[in-house]
Amino acid sequence: MRYLPLTPSDRQAMLGVIGAKSIDDLFADVPAEAQLDGPIHGLPNHASEMAVERHFSNLARQNMTASHTPFFLGAGAYKHHVPASVDHIIQRGEFLTAYTPYQPEIAQGTLQMLFEFQTQVARLFGCDVANASMYDGSTACWEAIGMAGRITKRTKAVLSSGLHPHYVSVAKTMAQYTGDTLDTALPELSPATDSTRLLNAIDGETSCVVVQYPDILGRIEDLSAIAAKAHEHGALLIAVVTEPVALGVIKAPGDMGADIVVGEGQSLGVGLQFGGPYVGLFACKEKFVRQMPGRLCGETVDAEGKRGFVLTLSTREQHIRREKATSNICTNSGLCALAFSIHLTLLGEKGLRGLAELNHGLAVQAADRLSQIAGVELVNDTFFNEFTLKLTKEARPVVRALADRKVLGGVSLGRLYPDVDALANGLVVAVTEVATMEDVETFAAALQEVLA
Amino acid sequence: MSTINQSGWKPEMGSAGETGPATYTGNKALMLEEALIFEIGTTETTGVDLADAPKVTPRLGNLARHLDIGLPGLSEPETVRHYTRLSRQNYAIDLGFFPLGSCTMKHNPRLNEKVARMEGFADVHPLQPVETVQGALAVINELAVWLIKLTGMHGVAMTPKAGAHGELCGILAIKAALEARGDPRSVILVPESAHGTNPATAAFAGYAVENIPATSEGRVDLAALKARLGPDVAGVMITNPNTCGLFERDMKAISDAVHAAGGYVYCDGANFNAIVGRVRPGDLGIDAMHINLHKTFSTPHGGGGPGSGPVVLSEALSPFGPIPFTERHADGRYTLVEEETASAGHPHSFGRMVAFHGQMGMFTRALSYIMSHGADGLRQVAEDAVLNANYILRSLEDVLDAPFAHSGPCMHEALFSDNGLAEGFSTLDIAKGLIDEGYHPMTVYFPLVVHGAMLIEPTETESKATLDQFIGAMRSVVQRAKAGDPMLKSAPHHAPRRRLDETQAARKPVLVWREPEQAVSAE
């Protein structure tokens, strides 16, 4: 077995030092009836590297990949070009095979990277501080709702109908058990969001308002009025960003008054990976820092006065506070945070703005082209790199028919909101820098054919 | 026995070390200082070449971002150098022995990295039509089958993102099952030696948490547990093998007692590495257990994640598990049970825990590891892990206090206390001394039930030669701690940084970089 260094004679010698006759002696505390007498039946034995690789290669070939197909899916996970150096750096063993930096003297690489990541996220979101990452956007969103409850000591959260339905589902799952009440609604296929509903719902019982920006249909709107109304009633505004590239061209939620901004960082550095692992982003105003979930990296000095970094404010966390912790999170998304940070460092402000402008320009062109097709109507007045089309047919079978024609043509609202007739004809289309105008033409031709 | 080299390599004892002259850069040859990106980058610099954006009329409403964001960029060579220099300030499994108890820092096979990066897995969107992702669903399903068979359980929830998220999954399944039978309960019992995530999880799910006492030999006190069980107890959370490194001999009796009282048994599977392939938790009456793929199944820790925490479930709890999950049909096709189909086929599910379908990138890696070992190799993993830990326990118990050494063999980790060190010396000093010796320290001050705990988990991927050298180093450091060596008190001396001031970090938190105040210049 190629991963096991002990030889039979090592094992014999070690048993001698221990004073055991056989390995079975070391399992003496396991009741006999619970011990298996040999390898579990019905499972294969060990396999060579080549055999394992071949198995995966065969399975991988059964999937239609984004790079080899005109590709327009988004809805919370976006295909962007990831520079080669990102994957090279995250595969360095010193990053890949390190643990959580609990021994700071020999983990300054991870810690400095996290400090840089926190600063990048805070600036991108227009917030004072950010943490060292969460699992993903959906769990970061739930944690933000919980944090708002702790700060306001209230339990009613008002969720925008434009919030990703998976994020809403996660929040609903958790609310069943925590006593929070969620005021939710389904989106409508219209250019206007439900901000009027949100403004009317905010009252003295509200802990927070949760708004996705850009929202699930791709629409963007100024959050300032919602922030002002929330603050007037002692509630917080939580903004959710599932496409951080957008913030290269549109205002940061923090600059419009959001108190907590969370997001999905997958767009930068991480890749699609069939949904995970991704990286949750979590930022807020400095005054709320002691109610934040998750790890925080902070600057300090060592015994010789040199600058260094440590995990800090850990009295919020489970390993110190146990049942009184702000969250149960332990392992987060460190390596994905590194990938995010490297990609954003490569881009810099100039590159991020350029990338965002490129995405927006291509999306505008694609929206104009696709909405020329008979039976296709563009829902959005505003969008960044993702917009919603209203078709004359149910969108879910259309997406399957497009896949048959080797086009991955967006996410149907039927997939996201099953059994909601009013949304069944909605198709959410994302256009990033990886799409060429040729791809758009291929998509348009296939869509025209399917709708005919 | 091979005769290539029977004496092995014996390191020369190092000299006391001279610091040498100060350098202009602060660097010490290969030990290189590195500034922050905010200090070396500019907002004008970029390491990415992009096509020009098409000229269009923007559809951004009135929301264009005009303010500076403040994000520095670096060219590609500067970027590669920056992160490479940072990486060299990290300890890692690839560099050396990393015996962190309860964390299972085993070798991370590179085959896993290779298969996870195959385009068919890495470049696939989670919401593609299921017809276009049959290979990805097959991976999830194959891993699920392995996990079920290795644990002897009924079902598995694949979506939890890490161990603590898996704990939450298990506790929510228990809560849902109790509510479904109209018997909501309010208390979860947790041993004092448990990971902090256990009480935090139970509290997160709205339960009151009460401690289960331990016996003097470091195991759950069965009599005390039985006495506490009652109609208010929803369940217990037991770690087995426990965090003292011992197998809970009475596990079946614990499960039976909890079930008889109407509760459920959650097992923290962080320590599954000790028993994989030799013991199936399902045979011990467990109802739910998370499996840290980043521990037992070798997916890399990545400096703190990502992890993955699938939860195996008993027949009683399976109907309440989360969506989505994969289903294999008779014709070999795979489908996903998501919100719409769940209401018909899986009506008791407690719902969704996360967007999309879980940590696919970790599933490929874990399955690659599992297939590489097979049923026979995984059994050998547990045996070698336990053998290595006992070798360390018996090689150090004469110099270090091992509070439970007489409770029987340890499992995959050996626990020591700091009793017997010189006045003023503690576990922390031993940990920092080990850093100078070129090791990552063991887990310190956990579990809380032992004074100055040192929890050493070698894992099965370490050779006897590595263990022998570590044992030698550990004995040396312990002798220095017993002799009151002041140089140990100020260790580490050879790391990129000396001891860091954690008190200052917490008192005045500096969590983001800010431009320094403009220095007043007399020029």
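A residue is buried if 20 or more other C-beta atoms lie within 10 Å of its own. By that rule, Ile260(A), Val262(A) and Glu264(A), which point one way from strand β6(A), are buried, and so are Val261(A) and Gly263(A), which point the other way. The model described here is predicted. In it, 173 residues of chain A are in contact with 179 residues of chain B.

**Strand β6 of chain A**
- Strand β6 of chain A covers residues 260–264, and five of its five residues are buried.
- In a regular strand the side chains alternate between the two faces of the sheet.
- Strand β5 of chain A (residues 236–241) pairs with β6(A) in the parallel sense over four bridges. Val262(A) in β6(A) is the bridge partner of Val240(A).
- Strand β7 of chain A (residues 280–284) pairs with β6(A) in the antiparallel sense, over five bridges. Here Leu281(A) in β7(A) is the bridge partner of Gly263(A).

- Helix α12 of chain A (residues 334–370) gives the most to the side of chain A that touches chain B, with 23 residues.
- By class, that side of chain A has 84 nonpolar, 57 polar and 32 charged residues.
- Two packed helices are described by the angle between their axes and the distance between the axes.

**The seven-stranded sheet of chain B**
- Chain B holds an open sheet of seven strands with mixed pairing, in the order β1-β7-β6-β5-β4-β2-β3.
- The edge strands are β1 (155–157) and β3 (208–212), each of which pairs on one side only.
- From one strand to the next, the twist averages 25°.
- Strands β1(B) and β7(B) (residues 311–313) run antiparallel and are joined by three bridges. Val156(B) stands opposite Val312(B) in β7(B).

**Helices α6 and α7 of chain B**
- Helix α7 of chain B (residues 197–204) lies across β2, β3, β4 and β5 of chain B, and runs at about 175° to β2(B).
- Helix α6 of chain B (residues 163–180) packs with α7(B) at an angle of about 45°, and the axes are 9 Å apart.
- These two helices are therefore oblique to each other, and α6(B) passes α7(B) in a right-handed crossing.
- Among the residues of α6(B) that meet α7(B) are Gly163(B), Glu167(B) and Ile171(B). The residues they face in α7(B) include Thr197(B), Thr201(B) and Phe204(B).
- The contact of α6(B) with α7(B) has five nonpolar, four polar and one charged residues.

**Helix α12 of chain B**
- Helix α12 of chain B (residues 427–436) is mostly covered, with eight of its 10 residues buried. Among the buried residues are Asp429(B), Lys432(B) and Leu434(B).
- The cover over these buried residues includes β11 (443–444), β12 (454–456), α13 (464–483) and α14 (486–489) of chain B.
- Just after α12(B), Gly438(B) takes a positive phi of about 90°.

How values were computed: Residues are numbered from 1 along each chain as its sequence is written. Chains are lettered from A and ligands numbered from 1 in the order in which they are written. This is a predicted model: local features need pLDDT of at least 70, side-chain atom pairs count only at pLDDT 80 or more; totals for chains, interfaces and linings use all residues. Two strands pair if DSSP finds at least two bridges between them. Axes are lines fitted to C-alpha atoms, for helices over the stretch in contact, and angles run from 0 to 180 degrees between N-to-C directions. Two residues are in contact if their C-beta atoms, placed from the backbone, lie within 7 Å. Ala, Val, Leu, Ile, Met, Phe, Trp, Tyr, Cys and Pro count as nonpolar, Asp, Glu, Lys and Arg as charged, and the others, Gly among them, as polar. A residue is buried if 20 or more other C-beta atoms lie within 10 Å of its own, exposed if 12 or fewer, and partly exposed in between; C-beta atoms are placed from the backbone. Angles under 35 degrees count as roughly parallel, over 145 as roughly antiparallel, 65 to 115 as roughly perpendicular and the rest as oblique. A crossing is left-handed if the near helix is turned anticlockwise from the far one by less than a right angle, and right-handed if clockwise.
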